[in-house]
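This report goes through the fold of one chain and the surroundings of its ligand. The sequence and the structure come first, and the description follows.

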Amino acid sequence: MVFEPSDRPARIPTALKILIAGGFGAGKTTMVGAVSEIKPLQTEEILSGGDRADDTGGVEGKTTTTVTMDFGRITISDDLMLYLFGTPGQDRFWFLWDELSEGALGAVVLADTRRLADCFPSIDYFEQRGTPFVVAVNCFEQDRRFAPDAVAGALDLDPDVPVVLFDAREQASARNVLIELVEYVARRQLTGAGRR
Ligand SMILES: Nc1nc2c(ncn2[C@@H]2O[C@H](COP(=O)(O)OP(=O)(O)O)[C@@H](O)[C@H]2O)c(=O)[nH]1
Ligand SMILES: [Mg+2]
């Protein structure tokens, strides 16, 4: 048997791990579902009326909550593949975060402008760990668009942290956020900002 040298050597793509964080109802499950090439792995639990553990103020349409985590995969290019891990939004699952964050390239923090404060814990967490993150503003209210600068100011972000307006339901829009994060991490590494 003769092996012909192929003109395009098979490349093994680099697989990077990205966390998708943000408050309850900010759109994590939606985003992972919109971009993932594999069926998202997730467990939704019906929110019970009686002993409801999650505060649903502002997200009244929501009847389920993700109990485990969202997991997805997206191919960005021939040599780059991203694995997405949605962080559990509920405070009672914080213990999972350290495990999840291990080896992550960076994070996307989803911000819902109706409940902006909900993403503070995620931002604090990544700032403390030195994990690079971008803030993706999920535009629920079409008629009330917030300027990225205004959101950055309200969240008191470092000036270099990218803030992107997006729609978690749209694949191209969600994909763009991920590319923004990868480029941000690359820029930080070039300038040495990522080194601790
Ligand atoms: N209008 C609008 N609704 C969205 C958007 N993203 C998510 N939703 C809806 O908001 C609700 C909460 O989203 P979900 O992904 O479950 O939030 P999670 O708790 O962060 O996983 C769901 O009913 C989604 O269909 C968006 O960009 N625009
Ligand atoms: Mg969810």
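Two strands are taken to pair if DSSP finds at least two bridges between them. By that criterion, β4 and β5 are paired in the antiparallel sense, with six bridges. The model is a predicted one.

**Overall content**

The chain contains five helices and eight strands. Along the sequence their pattern is β-α-β-β-β-β-α-β-α-β-α-β-α. Of its 196 residues, 31% count as buried. Among contacts with a separation of 6 or more, 71% are between residues 24 or more positions apart.

**The sheet**

An open sheet is formed by six strands, in the order β4-β5-β1-β6-β7-β8, and its pairing is mixed. Its edges are β4 (71–77) and β8 (163–166), each of which pairs on one side only. On average, neighbouring strands are turned by 30° against each other, with direction ignored.

Strands of a sheet pair through backbone hydrogen bonds, in either a parallel or an antiparallel arrangement. Both arrangements can be followed in the strand pairs tabulated here.

| Strand pair | Sense | Bridges | Residues opposite each other |
|---|---|---|---|
| β4 and β5 | antiparallel | six bridges | Gly72 and Leu84 |
| β7 and β8 | parallel | four bridges | Ala136 and Val164 |

The antiparallel pair β4 and β5 is also a hairpin, with two residues between the strands. In the pair of β7 (residues 133–138) and β8, the strands run parallel, and alanine 136 stands opposite valine 164 of β8.

**Helices on the sheet**

Helix α3 (residues 120–129) packs on the sheet and touches β1 (14–22), β6 (106–112) and β7; the direction of α3 makes about 160° with that of β6. Helix α5 (residues 171–191) lies across β1, β4, β5 (80–86), β6, β7 and β8, and runs at about 170° to β8.

Which residues of α3 are buried? They are Ser122, Ile123, Tyr125 and Phe126. These residues lie on the same side of α3, because they cover an arc of only 160° around the axis. An α-helix has 3.6 residues a turn, so residues three or four places apart point the same way. The buried residues of α3 pack against β1, α2 (97–101), β6 and β7. On the face turned away from the buried side, α3 carries the exposed residues Asp124 and Gln128. Just after α3, glycine 130 takes a positive phi of about 75°.

How many of the eight residues of α1 are buried? Seven are, and the helix is described as mostly covered. The buried residues of α1 are Lys28, Thr29, Thr30, Met31, Val32, Ala34 and Val35.

Helix α1 (residues 28–35) also supplies the largest share of the shell around ligand 1, with three residues. There are 18 residues around the ligand, and those that come nearest are Gly27, Lys28, Thr29, Thr30 and Ala168. Of these, Lys28, Thr29 and Thr30 are also among the buried residues of α1.

**Two single positions**

Leucine 100 lies in helix α2. Is leucine 100 buried, partly exposed or exposed? A residue counts as buried if 20 or more other C-beta atoms lie within 10 Å of its own, and as exposed if 12 or fewer do. Leucine 100 has 18 other C-beta atoms within 10 Å and is therefore partly exposed. Leaving out residues up to four places away in sequence, leucine 100 touches Leu19, Phe85 and Thr87. Leucine 100 and threonine 87 are 13 residues apart in sequence, and their C-alpha atoms are 7.7 Å apart in space.

Aspartate 156 is in the loop between α4 (148–154) and β8. Although aspartate 156 is not a glycine, it has a positive phi of about 55°. With 8 other C-beta atoms within 10 Å, aspartate 156 is exposed.

Terms used: Residues numbered from 1 in each chain as written. Chains lettered and ligands numbered in written order. Predicted model: local features only at pLDDT ≥ 70, side-chain atom pairs only at ≥ 80, totals over all residues. Near = placed C-beta within 6 Å. Axes fitted to C-alpha atoms, helices over the stretch in contact; angles between N-to-C directions. Contact = placed C-beta atoms within 7 Å. Arc of directions from axis to C-beta.
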